[in-house]
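Hi,

Here is the structure I promised to pass on to you. Have a look at it first, and then read on for what turned up in it.

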Amino acid sequence: MQVYVVNQPGGPEALQLTTLPKPNVKPGWTWVKVLGFGINHSEIFTREGKSPSVQFPRVLGIEVVGVVDETSAPATFTSGQRVVSIMGEMGRAYDGSYAEYVLLPNEQVYPIKTDLPIASLVATPETYYTAYGIFKSLQLKATDRVLNGCYLTGFSSGDVSQTLLQDLFDFIAAYHVSVAPARIFNFNQVPAAHAYLQAADSFGKAIVLLDQNAE
């Protein structure tokens with residue numbers, strides 16, 4: 001399988017496209033075929049060597065949208081099932097989503113149901129989950145005033161909620177929330193995606209799609 005490996009900290013050129021074997025699934029884990037992933041500023045910091053806990057070589061990527069390929073938990077997951085994963089030390093303590101396949105702990109794999117187009121779906125998980133989690137925690141009432149226009153630059157290190165994640169996708173569908181990435185890149189353009197996001201004046205979402213025709 002093809003992956004982007006960072007062998008040592010550096011610029012976008014440190015992301016080296018290489019081929020690695022795809023081992024059999026191990027107990028407690030699931031192989032996910034990657035459909036797409038977002039590029040996040042935290043991954044730029046890691047690539048530059050600014051994440052002290054990360055050891056190189058490492059495949060980056062803290063979020064992914066994909067389908068179950070092979071699992072050690074067939075009672076929980078089915079082949080081809082649409083899933084999302086975010087954080088949980090993916091791309092930091094173990095290899096992440098900058099790959100054709102990513103091996104994830106079973107508790108880090110979240111099945112989701114949504115009719116969002118693939119580009120919108122891939123643009124959603126980490127960024128919108130952060131914002132939606134904050135929105136829900138505010139417990140706003142109809143008479144409350146809200147300051148808009150703030151940047152959300154961090155993500156809670158707490159556990160991801162399967163219920164809240166699906167609630168997010170239901171909310172987007174029910175209220176016709178517009179979800180669109182600022183730029184879409186192909187898998188062979190991951191270094192260019194890093195360079196784009198690093199040079200961008202805003203925190204607009206850049207995503208990578210491995211199959212732009214996926215449904």
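**What was found**

The protein chain has five helices and nine strands. Please keep in mind that this is a predicted model. Starting from the N terminus, the order of the elements is β-β-β-α-β-β-β-β-α-α-α-β-α-β. The chain counts 215 residues, of which 46% are buried. Its exposed surface comes to about 11200 Å², with carbon and sulfur atoms supplying 51% of that. Among contacts with a separation of 6 or more, 73% are between residues 24 or more positions apart.

**The cores**

Let me start with the inside. The largest nonpolar core has 37 residues, and F37, I39, Y98, L104, V190 and V208 are the ones touching the most other members. At least two residues of this core come from each of β1 (2-6), β3 (29-39), β4 (63-71), β6 (101-105), α5 (190-199) and β9 (206-209). Strand β3 gives the largest share, six residues.

**The aromatic rings**

How many aromatic pairs does the count come to? It comes to four.

Because Y4 lies in strand β1 and F187 in the loop between β8 (183-186) and α5, the pair ties together parts that are 183 residues apart in sequence. Both Y4 and F187 are buried.

The other is F37 with Y98. Here the centres are 4.8 Å apart and the planes are at 20 degrees, which is under 30, so the pair is stacked. F37 belongs to strand β3 and Y98 to the loop between β5 (82-86) and β6, so this pair ties together parts 61 residues apart in sequence. F37 and Y98 are buried as well.

**Charges over rings**

Finally, two lysines to look for. K26 has its charged end over the ring of W29, 4.2 Å from the ring's centre. K22 lies over the face of Y101, and the distance to that ring centre is 5.1 Å.

Enjoy exploring it!

Best wishes

Notes:
Residues numbered from 1 in each chain as written. Predicted model: local features only at pLDDT ≥ 70, side-chain atom pairs only at ≥ 80, totals over all residues. Heavy atoms only, no water. Core = buried A, V, L, I, M, F, W, Y, C linked by side-chain atoms within 4.5 Å. Buried < 20%, exposed > 50% of the residue type's maximum accessible area, 1.4 Å probe, protein only. Helix = DSSP H or I, 4+ residues; strand = E, 2+ residues; numbered from the N terminus. Phe/Tyr/Trp six-rings, centres within 6.5 Å; stacked < 30°, edge-to-face > 60°. Lys NZ or Arg CZ within 6 Å of the ring centre and 35° of its normal. Contact = heavy atoms within 4.5 Å. Areas by Shrake-Rupley, 256 points an atom, 1.4 Å probe, with all protein chains shown as cover.
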